[in-house]
Amino acid sequence: MFSGYAGDVLYDRSVARLAVKLLLLDPDDRLLLIHAKDPQAATECWYPVGGGVEVGESLQEAAIREAYEETGLAALPPGRHVWRRDHIYEYDRRVVQVHEEWLLHKVDHFEPVPTQLSHYETRSILGFRWWWSQELAESTETIFPPRLGRLMMDLLIDGVPTVPIDIPDPAPAAAD
């Protein structure tokens, strides 16, 4: 369901979509991110592997499916639940509300080869890259979530939390 259009943007105001986000960390503590381009706005960004949780799936089951579909990784080790986030984003002229559950997975380094991309993903995914947390923190490229480099550095230093931590988006800067 959706409320309608504002200009040429479709606003989806239904219940937030449940999503699982995967922090795929290789033995050198590099994080795999997807490089994508918004097909409508032509803006580029980087974000972790993941997607919607289907009815009846556990977070781990959704993570296994998403890792395979988006990267070709056939044997995903169990993940540790580290973060959660409620987020609204605009992509491909749609505004989408999601509730994300974030899992940390230690994996061997591999070269991603997607196996089952959706039509939407085929139109937007440009490639993949393994990033060090410091690189993410210092990058001027658009990375989601915006503080991912700092969050990863904290996670690597402090270890896995006993309960998932809420990672809200940074507050918008106040206008002068």
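A: With salt bridges: a side-chain nitrogen of Lys or Arg within 4 Å of a carboxyl oxygen of Asp or Glu. The structure holds twelve salt bridges. This is a predicted model, where local features need pLDDT of at least 70, side-chain atom pairs count only at pLDDT 80 or more, and totals for chains, interfaces and linings use all residues. Residues are numbered from 1 along each chain as its sequence is written, and side-chain values use heavy atoms, leaving out hydrogens and water.

Q: Which residue forms a salt bridge with Asp-154?

A: Arg-150, with the closest N and O atoms 2.9 Å apart.

Q: Which residue does Arg-85 meet in a salt bridge?

A: Asp-169, at 2.6 Å, N to O. Arg-85 sits in strand E6 (residues 80–91) and Asp-169 in the segment after strand E9 (165–166), so the pair ties together parts 84 residues apart in sequence.

Q: Is Arg-85 buried or exposed?

A: Buried means under 20% relative accessible area, exposed over 50%, partly exposed in between (1.4 Å probe, protein chains only). Arg-85 is buried, at 5%. Asp-169 is partly exposed, at 31%.

Q: Which residues are linked with Arg-65 in a network of salt bridges?

A: Glu-54, Glu-57, Glu-66 and Glu-69. Within it, Arg-65 and Glu-54 meet at 3.7 Å, N to O. Arg-65 is buried at 17%, whereas Glu-54 is partly exposed at 45%.

Notes: Helix = DSSP H or I, 4+ residues; strand = E, 2+ residues; numbered from the N terminus.
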